Amino acid sequence: SDRFMPRATVTDFDEGLKYNPTADTFAAIYFEATSPDPGRSCCDSAWEVEGAAACLPEDEGCLLGKAADAASPMLVQLGATRANTVYRLKLTVTDGIGSTSSTVVSLTTNGPPTSGTLAVTPYRGMALTTEFEFLLDGWSDDADDYPLTYTYGYRQQRRTMRTASGYKPEQLVPLVADQYASAWFVTTLPQANNVNLTCVGRVFDRYLSYAQAFTPVRVDPLEISTEDLSAFAGDLLSASADTGDGEASLSLVSNVASVLGGTDASRRRLSAKQELIDDLMAHTISAASLVGTGSSAAAAAQVL
């Protein structure tokens, strides 16, 4: 063997991490090639993915995000990987007289939690007054992917002609501004546009890969006068503010506002007082300051 063969060294890449197979994201592998013989030119480099055919970065499904002979760092296109898979990437360097050496690194992809369910009880309730219990149960993941965290939200449904059922789900409305450590969550829900809501629970692992589950609920309109709503909501908002839980307060404000708006029929019956609207705005700003609009897109959106 050539005692002056070149050396291929990966200088910065953590094989102990897991990478999410997310589109338009990359993992960078920093490397260098050296030769113990100062008289030899050094070195050409070439990367390959073991078990995969050679490809160009623009080819569909190609893992390498740069040409195989590109300079450090080599980029791996994570969007081209599969979940829960180990990839072996081989670097070969060649010096000026054709001597070669190689090194191999492993890239492990992450997968979301699996096998769980979302239950919401009761199935039917009334806007603002019924407490709905969310339970994300039975979710599991690899031992080194814990702890799991949870988020909760809902989608309104609106009439459309673009689906066979006649309804199309709208944008997800978060009920919490960040991941919760608890798989159990209790909240009231807003008045639905057409009585039906789709509840959404998401389960995240430590690498923020997530799975989600859905379940429908029926939320009936709250029949209440503006005066009674003002008194009722005032008590609820004050009690919520006293807890210091900004996320819960934001959710409550949203629910109260949904009853104020209501359907066309509700708007004719309810003449919202400026005092209640001002109270809602004040509680929104106060609660958002506890959550932090700079770190929570949900809180910032509600303030706007």
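Start your tour with the sulfur atoms: this structure holds two disulfides, a disulfide being a pair of cysteine sulfur atoms within 2.5 Å. You're looking at a predicted model, where local features need pLDDT of at least 70 and side-chain atom pairs count only at pLDDT 80 or more, while totals for chains, interfaces and linings use all residues. Residues are numbered from 1 along each chain as its sequence is written, and side-chain values use heavy atoms, with hydrogens and water left out.

**Stop 1: the disulfides**

Select C42 and C43. Their sulfurs are bonded, S to S 1.7 Å. The torsion about that S-S bond is about -95°, so this disulfide is left-handed. How buried or exposed are these two? Buried means under 20% relative accessible area, exposed means over 50%, and partly exposed is in between (1.4 Å probe, protein chains only). C42 has a relative accessible area of 36%, so it is partly exposed, and C43, at 23%, is partly exposed too.

Now select C55 and C62, whose sulfur atoms sit 2.1 Å apart in a disulfide. Here the torsion about the S-S bond is about 75°, so the disulfide is right-handed. C55 is partly exposed at 30% relative accessibility, whereas C62 is buried at 2%. Count the bonded cysteines along the chain and you get the pattern 1-2, 3-4. While you're picking cysteines, click on C199 as well: its relative accessibility is 0%, so it counts as buried.

**Stop 2: the aromatic rings**

Next, show the side chains of Phe, Tyr and Trp. Two rings pair if their centres lie within 6.5 Å (for Trp, the six-membered ring is used); planes under 30 degrees apart count as stacked, over 60 as edge-to-face and the rest as tilted. How many aromatic pairs does a search of the whole structure find? There are seven.

Zoom in on F13 and Y19. The ring centres are 5.6 Å apart and the planes are at 10°, so this pair is stacked. Both F13 and Y19 are buried.

Move on to F134 and Y152. This pair is edge-to-face, with 5.8 Å centre to centre and 80° between the planes. F134 is in strand β10 (residues 132–137) and Y152 is in strand β11 (residues 149–159), so the pair ties together parts 18 residues apart in sequence. A strand here is a DSSP run of E with at least two residues, and a helix is a run of H or I with at least four, both numbered from the N terminus. F134 is buried at 0% relative accessibility, and Y152 is buried at 2%.

**Stop 3: a threonine and its neighbours**

Select T109, which lies in strand β7 (residues 100–109). Its relative accessible area is 1%, so T109 is buried. What does the side chain of T109 reach at 2.5 Å? It's the backbone oxygen of R82. A polar atom of the T109 side chain also lies 3.2 Å from the backbone nitrogen of N84. Contact means heavy atoms within 4.5 Å; leaving aside neighbours within four places in sequence, T109 is in contact with several residues, including K18, Y19, T81 and Y87.

**Last stop: zoom out**

Show the whole protein chain. Its secondary structure comes to five helices and 16 strands. Of its 304 residues, 40% count as buried.

Methods:
Polar contact = N/O pair within 3.5 Å; in protein donor to acceptor, adjacent residues only side chain to side chain.
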